[in-house]
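Hi,

Here is the structure we talked about handing over. Please have a look at it first; my notes on what was found follow below.

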Amino acid sequence: MLPVDLPDAVREALQAPLVDHHCHGVRRDELSRAQFELLITEGSTPAPPGTTHFDTPVGAAIRRWCAPVLDLEPHAPPAVYLARRAELGAGEVNRRLLEAAGIVAFLVDTGLESPELLSAAEMGRHGGAAADEIVRLEQIEQDVSETAHIAVDYMDSLAEELAARAARAVGLKSIVAYRCGLDFDPARPSRGSVIAAANRRLSDPKQRLTDPILLRHLLWTAVDVARERGLPLQFHTGYGDPDLDLDRADPALMTGFIRSLQPIGVPVILLHCYPYHRQAAYLAAVFPHVYVDVGLALTYTAAGSARVMAELLELVPFHKQMFSSDCYGVAETCHLGALYFRHGLARTLRARLDDGEWNPTDCARIAHMIGSGNARRVYRL
Amino acid sequence: MLPVDLPDAVREALQAPLVDHHCHGVRRDELSRAQFELLITEGSTPAPPGTTHFDTPVGAAIRRWCAPVLDLEPHAPPAVYLARRAELGAGEVNRRLLEAAGIVAFLVDTGLESPELLSAAEMGRHGGAAADEIVRLEQIEQDVSETAHIAVDYMDSLAEELAARAARAVGLKSIVAYRCGLDFDPARPSRGSVIAAANRRLSDPKQRLTDPILLRHLLWTAVDVARERGLPLQFHTGYGDPDLDLDRADPALMTGFIRSLQPIGVPVILLHCYPYHRQAAYLAAVFPHVYVDVGLALTYTAAGSARVMAELLELVPFHKQMFSSDCYGVAETCHLGALYFRHGLARTLRARLDDGEWNPTDCARIAHMIGSGNARRVYRL
Amino acid sequence: MLPVDLPDAVREALQAPLVDHHCHGVRRDELSRAQFELLITEGSTPAPPGTTHFDTPVGAAIRRWCAPVLDLEPHAPPAVYLARRAELGAGEVNRRLLEAAGIVAFLVDTGLESPELLSAAEMGRHGGAAADEIVRLEQIEQDVSETAHIAVDYMDSLAEELAARAARAVGLKSIVAYRCGLDFDPARPSRGSVIAAANRRLSDPKQRLTDPILLRHLLWTAVDVARERGLPLQFHTGYGDPDLDLDRADPALMTGFIRSLQPIGVPVILLHCYPYHRQAAYLAAVFPHVYVDVGLALTYTAAGSARVMAELLELVPFHKQMFSSDCYGVAETCHLGALYFRHGLARTLRARLDDGEWNPTDCARIAHMIGSGNARRVYRL
């Protein structure tokens, strides 16, 4: 299954079950080709006329690696693949692909919940794994803003709701990168400024929150909750969908905020990071509370993902890197995330052994740390 | 000719004639060593005393790959190379190198036209290829500003002249990256602000345009023309000459502008991009109307260019990448652009086959798309 | 010793003594494990509970490559390594590791001087090498601000002290990247603004200087001195300790300042640069007075450093790259800096030979230029 030959202990460490510390639910319903294509791109539109989202690295990877899980030959054409998918049905496809991923625990960001998506518990059941929840801050804020009447309510409810949801969760997550960029003012906003901003917000509460003052208030409220409960705080950084201004999602832009969390001791976990994964590795190397993965980036760079993994491994301490699939919508993204994680790490470890740089014992230990040990420690699983 | 062994169909696809969707004319006259050295660097000064611009990746590549085209041994010393070049004469050298590039169509940016440079038609004749024109916006604007008398004239003439030139062209090109950076305000400027800025401009019309309001007006006028005629809009991004502030030439900085062109449907083509080619690939992956190449970067990174190509291929959809040589001044840059494009793509395809990631049929198809198919479709050749 | 087979001339060129054009003193005293761990990270805190700074690329490299220099097996456990280190004593360890580095001249940044660090002369003696001084601007400024009484004194003393120190040095160095970022206004500040800022400064002179006006004044005073004495000006860029905002240490941000030094002719030397080394290579390629290394980055990326070196070599002219170890605190960082420099360059040269891109004569010449020739020329050694 691995693309390179490795000593037994190293191979076993790589094939051991992974903790997927950041993922989403996959669809339970049958999907048309158009629906499926929209779930294998971070774009939000169909491919231009005469083209297909299958003609991408991730599309080719689905044909190569997911087809055999559905009993097809590798490189099956898209139409054949989708016909077989329909034939097996979504339930069976999800079970096969989630199981093939070899995950022992899913930490599910429930911020995108909808009836068509498997819940955290269902993800676990389908994948033969445990499941825990990661609470998405901006989702809580949206709920609160739609029910609060005055600013003080808003602030109180936000703190209460965050605390209540955190009590059942293993981590919190922010998508502030999407809402105002990571170059936000790191300081906790003043109570007065928050009240004024909340009053503006409550006059049109259905809008997606983009006010930097309230976003910073949300973050700092989350920091209080995270500190109290010993939870880490995940941040979307880098590669994502077209709502994002990529240059403002460079995690280095939040260095000031990271610096101010250092004495508080709340772990900061940088997700995805591509193409700023070297910046993320730097932050993980110099700040004791920063952790990093390249979740989404591996799935989408697919056949080219080994280089991304190798670049992250240039600088990141072995006790600071984690695995996530960031799967969403289709279970293919879970299988591919896990597969390319194992393939990429296998290739770097093989190179380290060939160069005489690391010994097999260390390689096995490092694979265990990155694959599950670090996440178990930080999320207290 | 290719650096790796490949299945016949893949090799043939890579060796098939390329559409060079962005290039410039090469010099028709004989060049001194000093002149030649200045045309093989993006710098604008001679190499420091005791050094030579031949001691660069592109300089080494000329000695390696262009020398045999002039009947010399590979790695010929610079003096020998230049003596042979003079002996053959510029016409013969241009014919040999342009033909060796294996180009079927040159799309020539005519914005740098001068009597010493081959015209688009001559590029085609020398290279045994078709030739079409890409209109450089800032050149049109310069002509208009030198002839218009009042702001309204300026605006009308600009629209008319752009429309007239576009009628004979296959695309438009902007070098706004050089003039104010890609972090310009994406909104169309108000008529009032354009009139005020045009009046300032017309008081000193020979200056190079750097006013962001007029540059944005120029872009939006070009968008109108491009939409009407179904033309794509090229943008210089990334690596260029020292007039540029490289950090402001990151294509991710123009995400807002790209977003506002999405409903209009005008294709945006990001040129060069290095070292921001991963950002460019991201934009091509999430926006349906964005295309990308790494033209200039391959020639100048030369022996190291396979990694640049591989990094672009990590994320870019196969139907979104194109080839350009961005040749300028000396025909060596055309031959090397095409050669390193083929070499780099060959190496990545070889790796995909070795890893079992893509099959030969797909590899051949991808090589055709990137080498010519995508350009034919987008430029309607 | 090299990781790849090479023609004799190339191997000899790589093994020839290096000019280490940027380094610091190493500790003369015996170190506890806690002290040692803090000297093998750019972070400023112990590794989190249950983890160790040995579980990093540089930590693994110490066990692999420095252990044998202390007569241990490769991959010795940290405790064994540190016990042997204590057994031999700091003096012997320093002599062995500095000698193993194969350095012919150390250019020592003396801005961090303290009694526990070897002086420049001692570094030379321990390493069997010559030693010269690089003057750190911000250190001079700190001394001056603590003794000057009024603004005019401050300005005069600064110019005098810089000139006096420069008279005994081979170069100057700025850490403005740490103090206000490289996106500073490139213009020389007005005398009036400097006097006003100096008066503010003198009211609290023990503070670390962060005022952009005084930092710019310091730089421009240094430019005057450097021009007069023909000295180059080094800049910390990229990777460093957590005081830094990494995104503001991208050398491309100082393009305006670089541009304004071009007519003055003072060489600008960009240190470290990671992960912006491609931007640095671009600057070295288009500006005649810009030079570059990836000193610190090679030590810390260790087993992954060959890729960093390869990326720098994509674009940098052969007469523009230098070697530095940036060693500090422990002599291990000197040995590893030199080792990974030679390993990385060896791998790229091997690849160029395998690909038929460069010939052995050129490879040997390039190795000599980068390893020592360029530094000898620019620092006039």
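**Chain A against chain C**

A:Arg259 and C:Asp245 join their side chains in a salt bridge, at 2.9 Å from N to O. Keep in mind that this is a predicted model. That pair belongs to an interface where the rule finds six salt bridges between chain A and chain C. Polar contacts were counted there too: 16 residue pairs, both partners at pLDDT 80 or more.

Which elements of chain A supply two or more residues to the side that touches chain C? They are helix H12 (255-261), helix H13 (277-286), helix H15 (305-312) and helix H17 (360-379). H13(A) gives the most, with five residues. By class, this side of chain A has 16 nonpolar, six polar and twelve charged residues.

Now the extent of the contact. Chain A puts in 34 residues and chain C puts in 40. Together they bury about 3000 Å², and carbon and sulfur atoms give 52% of that area. In chain A, the residues that lose the most area to chain C are A:Tyr282, A:Glu314 and A:Glu357. Those three account together for 22% of what the chain A side buries.

**Chain B against chain C**

Here 40 residues of chain B are in contact with 34 residues of chain C. The buried area is about 3000 Å², with 52% of it on carbon and sulfur atoms. On the chain B side, B:Asp55, B:Ala303 and B:Arg307 lose the most area to chain C.

Four helices of chain B each give two or more residues to the side touching chain C: H3 (57-66), H14 (295-301), H15 (305-312) and H16 (332-354). H3(B) has the largest share, five residues. Sorted by class, this side of chain B holds 17 nonpolar, twelve polar and eleven charged residues.

**How the copies are arranged**

Do the copies meet through different surfaces, or through shared ones? Only 5% of the interface residues of chain B are also interface residues in chain C, so the copies meet through different surfaces.

**A record to go with it**

The unreviewed UniProt entry lists "domain: Amidohydrolase-related" for residues 195-381 of chain A. Over that stretch the chain is 54% helix and 7% strand. The end C-alpha atoms of the stretch are 37 Å apart.

Best wishes

Methods
Residues numbered from 1 in each chain as written. Chains lettered and ligands numbered in written order. Predicted model: local features only at pLDDT ≥ 70, side-chain atom pairs only at ≥ 80, totals over all residues. Heavy atoms only, no water. UniProt positions renumbered as here; feature names shortened; annotations may be inferred. Contact = heavy atoms within 4.5 Å. Buried area = accessible area lost by both parts, 1.4 Å probe. Nonpolar A, V, L, I, M, F, W, Y, C, P; charged D, E, K, R; others polar. Salt bridge = Lys/Arg side-chain N within 4 Å of Asp/Glu carboxyl O. Polar contact = N/O pair within 3.5 Å; in protein donor to acceptor, adjacent residues only side chain to side chain.
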